[in-house]
Amino acid sequence: MNRPLDDPSLYINREASWLSFNKRVLEEAHDERNPLLERVKFLAISASNLDEFFEVRVAGLLQRIEEGFVDSGPDALTAQDERELISRETHLFVDAQYECWNKKLLPALEREGIRVLELKDLDPDQEAFIAEYCEKEVDPLLTPVTVDPAHPFPRVLNKALCIALLLKRKRRASGTYMGVITVPRVLPRLVRLPSKTGTDYIFLADLLTYHAARMYRGYEIVSAASFRVTRNSNLYLEEEEARNLLESVRTELHKRRKGDVVRLEIDADVSTEIARRLQQTFELEDWQVFYTNGPVNLSRLFNFYELTERPELKYKSFVPRELRLPASSSNIFAELRKRDIMLHHPYDSFDAVVDFIESAASDPDVISLKQTIYRTNRNSPIVSALIEAAAAEKEVTAVLELKARFDEALNIQWARMLEDEGVQVYHGLVGLKTHCKLSLLVRHDPDGVTRRYAHIGTGNYNPTTSRFYTDISLLTASPQITSAVHSLFNYLTAYSEAPSYSPLAIAPIELAATTLAQIQRETEHARAGRPARIVAKMNALLDKNVIQALYRASQAGVEIELIVRGMCSLRPGVPGISENITVRSIVGRFLEHTRIFYFENGGDEEMQISSADWMPRNLYERVEVLCPVLDATLQQRLKDEILAAYLADNVKARFLDRNGRYFHLPRHRGAKSFSAQDFLIALAEGAATAADIPEPVRPPARAAKVRKLKQVAARRV
Amino acid sequence: MIIYFLRHASAGKTYSNPTKDERRPLDEEGMLQARYTGRMLANLDVQVEQIISSPLKRALQTASLVANELAFEGEVQRDDALRPESEFAQFQAMVARYRKHEAIMVVGHNPSLTEFLTKAVSSASGAAHIEVKKGAVAKVEMNGRSGTLQWLVTARIARSLQASSKASSRPKTSRK
C-alpha cells in the first residue's frame with residue numbers, strides 16, 4: 001500500500017474529469033425535479049460548455065500532438081491516449097444529449113403544449129406565416145453560394161449555423177454541386193409560429209431548407225443538411241516580444257477568428273456526399289465529425305428558455321437580500337469603520353458592491369478609486385462608475401485584463417473607452433492574467449483621517465453573472481488588509497514588489513507556498529494529536545503539489561472535505577493514501593463559484609476566501625489573492641452557515657469515488673432532503689435559519705469510519 | 001481612421017422596375033468576385049470594426065460574403081447613405097457617426113460610391129478620375145475630412161493573385 005505519491009494511478013485525468021463535470025450538468029437536464037424549461041437550459045449549458053471544451057482544450061491538444069509535444073499531466077496519459085479518450089467520451093456524451101432532447105425534453109414540452117414543429121406538421125395559417133417570414137425577414141439576409149471544386153470553399157464562421165445543399169442543374173446532365181448558406185447570427189434560431197392550440201416553434205434550419213428551393217433557381221436540390229463548425233479559439237501571444245499588449249491581443253483575436261476547424265456537427269440524416277465533402281474541406285478525422293440526431297446547435301436552445309413565457313416552468317424568482325445598515329451608520333464607510341461586511345451572492349444582492357464603487361463618483365469625500373476588471377458585462381455599472389468618477393476629477397486607476405477568455409474583444413473596447421474618459425488604464429503584468437477581484441477607495445473621513453476601504457471578491461465585477469454565480473464579497477477598512485491591497489495595486493501597475501502582502505497571500509508570489517504550508521501545518525497538528533480538519537470549496541482541484549500535500553495530510557489523519565464543483569484530479573478514498581478525504585460536487589441552479597478555505601489549525605481556526613482555485617494556472621500564472629476572514633461573526637457565518645449547508649446537501653451533492661465516478665448518496669429512510677442552494681435562498685428570504693441545517697452528509701466508507709472514531713472516543717470517556 | 005470602399009460585385013442586368021432592381025441578387029460571377037476580394041482582404045490581415053452596406057440586396061450580399069471571409073462576427077449595418085443615388089453630404093454624416101472606429105468598410109454602388117471615394121481623396125479643386133469596377137475595393141486613410149488613397153484592387157486582380165494558392169482551401173494562420 002505504500003505507493004509513492006506521484007504514482008500516476010493516484011491522479012484522475014483532467015479532461016476525463018471535465019467531461020464528467022459536464023455529465024453532471026446534463027444530469028440536471030434529466031432531473032425531473034428541476035422545472036422543465038430549466039432542464040432545457042441545462043442541456044443548452046452542457047452544449048455551450050462542450051463548445052468551449054472543443055475550442056480550447058481539444059484544439060490545444062490537437063495542436064500539441066501536431067507539434068510533437070509529449071508532456072503529460074500527473075496521470076501520465078499520453079496526448080494520443082487523451083485524444084482517444086476524448087473522442088470516445090464526447091461521442092457518447094453527444095448521443096446522450098440528443099437522447100435527452102428527443103426522448104425526455106421534447107415529449108415533456110409537448111405535454112405542456114410547447115411544440116417544435118416540422119415543415120410537414122404546419123397548418124395553412126402557419127405555412128402562410130413562414131412564407132411571409134422567409135420573404136421579409138430571412139431572404140434579405142441570406143447569401144446562397146454555390147461551390148465547385150475549382151474555387152476555394154467559402155469561409156464559415158465559428159459556431160455559426162450553416163446549411164449545405166447538394167445541387168443538380170436542371171435541364172443539364174452535369175455532375176452535382178454543393179451549395180452553402182451561412183446564417184447570420186441576427187436571425188433567431190427558433191421561430192415562434194402563430195398557434196391556436198399552444199406554443200409552437202420551428203427551427204430556423206428547417207425553414208431555410210424550405211426556403212432554399214427559391215434561392216437556388218435553376219437547380220434541383222438533391223439533399224440538404226444543417227451543419228456547424230467549431231474552430232480553435234486559443235490565443236497565441238508572444239508577450240515578451242509584444243511591445244504593446246493591446247495591439248497584440250487585437251491581432252491575435254483576429255487570427256483566432258480564422259482558427260482551424262476542430263469539430264464538425266452535422267445532421268444525422270445528411271447524405272454521405274455532403275458529409276464527405278465537408279469533412280474533406282475542413283480536413284477533419286472521422287472522430288471530429290458529430291452526426292446529430294436533432295438541431296446541430298443545442299446551445300441555442302437558450303432561445304427556448306427566453307422565448308417561452310411560462311414562469312411556472314422556470315425557477316421561482318427570488319429577491320436577493322439587500323444590505324441594510326444600522327441607523328447608527330450614516331453610510332457604508334461608517335459601518336465599515338466598525339466591522340467588516342461579508343456578502344454571499346446571489347443570496348445577498350450585488351447592489352451593495354456596485355454602490356460601494358459608485359460612491360467613488362457620488363461621494364465628494366472619496367479621493368481615488370483603484371479597480372481590477374476581469375470580466376464584466378455590457379453597459380456595466382462598474383465601467384460607468386469608473387467613467388463618472390474620472391469625470392468627477394477623482395484619481396481613477398483600472399487594471400483591465402485583456403485576455404479573459406472569449407471577452408477579449410469587449411475588453412479592448414473598454415480599454416479604449418476608459419482611456420478616452422480619463423481613466424488610467426493598465427493591462428496588468430506581462431505573462432500573468434490579473435484574475436484577482438479588488439477594489440480600493442481612498443476617502444477623507446469626517447474625523448479628519450484619510451482611510452482606505454477595500455472590496456475583495458471571489459467573483460467578477462459583473463452584476464449579471466452575480467445573479468447566478470455564487471460568490472463571496474468582503475468589504476473591509478482593516479488597515480492591514482487595505483494596505484496590502486494597495487501594495488498589490490502597485491505591483492500590478494508598476495511591477496514593484498513589496499516585501500510582504502501579509503495578511504493576504506498573492507499568486508504567483510507566495511500563494512502556492514502558503515497553501516502548501518497551511519496543509520502541512522494541519523498535517524503536523526494531526527500527527528501531534530491536535531484537532532486537524534480542512535474544508536475547501538473551489539471550482540477545480542488540479543495542482544499536483546497541493547494534491548500530494550493533501551494525500552500526506554490524509555495519511556497523517558487530517559479530516560479533509562473538499563467541495564469541488566468542476567474538475568478534480570485527486571482520487572479520494574484510496575486506502576493508505578486518501579481515505580480521510582471526501583470530494584463532493586454541487587451542480588445546481590446557481591454556478592458554484594466561491595472559493596472558501598477552512599483550517600481547524602489545532603483549534604485556532606482559520607478561514608479564507610480566494611479568487612484562486614487549486615489549479616496550476618491560478619497558483620503560478622495569474623495574479624490572485626487569498627484573503628483571511630478575521631471577523632469572528634463572519635467566520636461563524638462562513639463555517640456554520642455556508643460551508644455547513646454545502647456539507648449537508650443531499651440533493652445536488654454528488655460524491656467522487658476512487659474510480660473517478662460521481663454518485664448521489666442514497667438518502668437514509670426518513671432523512672429530509674436538503675439542498676444547500678435552496679436553503680441559502682430561504683435563509684436570504686428569512687424563511688430559514690442556520691439551525692435548520694442537518695448533520696453533514698458523508699459517503700458510506702467515511703461515515704463508517706467517523707462512527708467508529710466516535711465509538712472509540714465514547715469508550716475512552 | 002481607415003475606410004475600405006467596396007463596390008458590390010457582378011449582379012446581372014439592371015431591371016427597369018426600381019423595386020425589383022433593389023432586390024436584384026449577385027450572379028454566380030459576382031459571388032465569386034466577392035469571395036475572392038474577401039479572401040484577399042483576409043490574407044492582407046485587414047481588420048474592420050464595422051461593415052456598413054447599402055440596403056440593396058446586391059450590396060448586402062457582397063458585404064456578407066466579404067464579412068464571412070474576413071471572419072467578421074458582427075452584424076452588417078445597413079445605411080441609406082450608401083444607396084446609388086445618395087449625396088456626398090449624407091455619406092460624410094454617416095462617416096462622422098463611425099469616427100470613433102479605427103477601420104470601417106462601406107459597401108455601395110456607382111455612381112455614388114466612386115463619387116464618395118473621389119471626393120474623399122481629392123482636395124476641393126482637383127477632381128480625380130478613378131474607376132471602381134464591380135467587386136473592387138479601395139483603402140483610404142482618412143485624416144480628418146480628407147483622405148489618401150492607399151490602394152485599389154479589382155476583383156480580377158484579387159482572383160488572379162489567388163489562383164496559384166488554390167490548393168490550400170483555407171489560411172492556416174492559427175499555427176505558429
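How many helices and strands are there in chain B? Chain B has six helices and six strands, where helices (H or I, at least four residues) and strands (E, at least two) are DSSP runs numbered from the N terminus. Along the sequence, the elements of chain B follow the pattern β-α-α-β-α-β-α-β-α-β-β-α. Of its 176 residues, 54% count as buried, the classes of relative accessible area being buried under 20%, exposed over 50% and partly exposed in between (1.4 Å probe, protein chains only). Among the contacts in chain B with a separation of 6 or more, 71% come from residues 24 or more positions apart; contact means heavy atoms within 4.5 Å.

The model is predicted: local features need pLDDT of at least 70 and side-chain atom pairs count only at pLDDT 80 or more, whereas totals for chains, interfaces and linings use all residues. Residues are numbered from 1 along each chain as its sequence is written, chains are lettered from A and ligands numbered from 1 in the order in which they are written, and side-chain values use heavy atoms, with hydrogens and water left out.

In chain A, helix α4 (residues 124–138) packs against helix α5 (residues 204–215) at an angle of about 85 degrees, with the axes 11 Å apart. Axes are lines fitted to C-alpha atoms, for helices over the stretch in contact, and angles run from 0 to 180 degrees between N-to-C directions. The two helices are therefore roughly perpendicular, a class that spans 65 to 115 degrees, with under 35 being roughly parallel, over 145 roughly antiparallel and the rest oblique. On the α4(A) side, the contact includes A:Ile130, A:Tyr133 and A:Val138, and on the α5(A) side A:Leu204, A:His211 and A:Arg214 are among the residues involved.

A:Tyr133 also takes part in an aromatic pair. Its ring and that of A:Phe129 have centres 5.8 Å apart and planes at 20 degrees, so the pair is stacked; rings of Phe, Tyr and Trp (its six-membered ring) pair if their centres lie within 6.5 Å, and planes under 30 degrees apart count as stacked, over 60 as edge-to-face and the rest as tilted. A:Tyr133 is buried at 15% relative accessibility, while A:Phe129 is partly exposed at 29%.

Over all chains, the structure holds 28 aromatic pairs. One aromatic cluster is formed by A:Trp18, A:Phe21, A:Phe53, A:Phe54 and A:Phe290.
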